[in-house]
Amino acid sequence: MKSETLVEIGDLLRALRKGLDLTQEEVAEMAGISRPRYREIETGTSAARARPPW
């Protein structure tokens, strides 16, 4: 079951990405994650998690 909040965040990410004319692949590469993982975040099926920089 999808969380309404995760779906809303995904919708915002998608709108921002498209507004910047970027592909999911480009954003995923910038974030250091795979495109399938980014797609899950953008569709609200998975939450993003922060990693420490070390």
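In the predicted model, the side chains of aspartate 11 and arginine 14 meet in a salt bridge with an N to O distance of 2.9 Å, a salt bridge being a side-chain nitrogen of Lys or Arg within 4 Å of a carboxyl oxygen of Asp or Glu. Because they are three residues apart in helix H1, aspartate 11 and arginine 14 are separated by about one helical turn; helices (H or I, at least four residues) and strands (E, at least two) are DSSP runs, numbered from the N terminus. Aspartate 11 counts as partly exposed at 40% relative accessibility, and arginine 14 is likewise partly exposed, with a relative accessible area of 24%; here buried means under 20% relative accessible area, exposed over 50%, and partly exposed in between (1.4 Å probe, protein chains only).

The model is a predicted one, in which local features need pLDDT of at least 70 and side-chain atom pairs count only at pLDDT 80 or more, whereas totals for chains, interfaces and linings use all residues. Residues are numbered from 1 along each chain as its sequence is written, and side-chain values use heavy atoms, with hydrogens and water left out.

The structure holds four salt bridges. One of them is formed by arginine 17 with glutamate 42, whose closest N and O atoms are 2.8 Å apart. Arginine 17 lies in helix H1 and glutamate 42 in helix H3, so this pair ties together parts that are 25 residues apart in sequence. Both arginine 17 and glutamate 42 are buried. Another salt bridge joins the side chains of glutamate 40 and arginine 37 (3.7 Å, N to O), which, being three residues apart in helix H3, are separated by about one helical turn. Glutamate 40 counts as partly exposed at 32% relative accessibility, as does arginine 37 at 22%. Through shared partners, salt bridges join Asp11, Arg14, Arg17 and Glu42 into one network.

In helix H3 (residues 35-43), the buried residues are Tyr38, Ile41 and Glu42. Seen down the axis of H3, these residues fall within an arc of 95°, so they line one face of the helix; the arc is that of the directions from the helix axis to the C-beta atoms. Their cover includes helix H1 (4-19) and helix H2 (24-31). At the N-terminal end, H3 is capped by serine 34, a side-chain oxygen of which lies 3.1 Å from the backbone nitrogen of arginine 37. Just after H3, glycine 44 takes a positive phi of about 80°.

Serine 46, in the segment after H3, counts as buried at 14% relative accessibility. The side chain of serine 46 makes a polar contact of 2.4 Å with the side chain of arginine 37, where a polar contact is a pair of N or O atoms within 3.5 Å; within protein, one must be able to donate a hydrogen and the other to accept it, and residues adjacent in sequence count only if both atoms are side-chain atoms. Not counting residues up to four places away in sequence, serine 46 touches Leu6, Arg37, Glu40 and Ile41, contact meaning heavy atoms within 4.5 Å.

Glutamine 24, in helix H2, also counts as buried, at 17% relative accessibility. The side chain of glutamine 24 makes a polar contact with that of arginine 35 (3.1 Å). With neighbours within four places in sequence left aside, glutamine 24 is in contact with Arg17, Arg35, Tyr38, Arg39 and Glu42.
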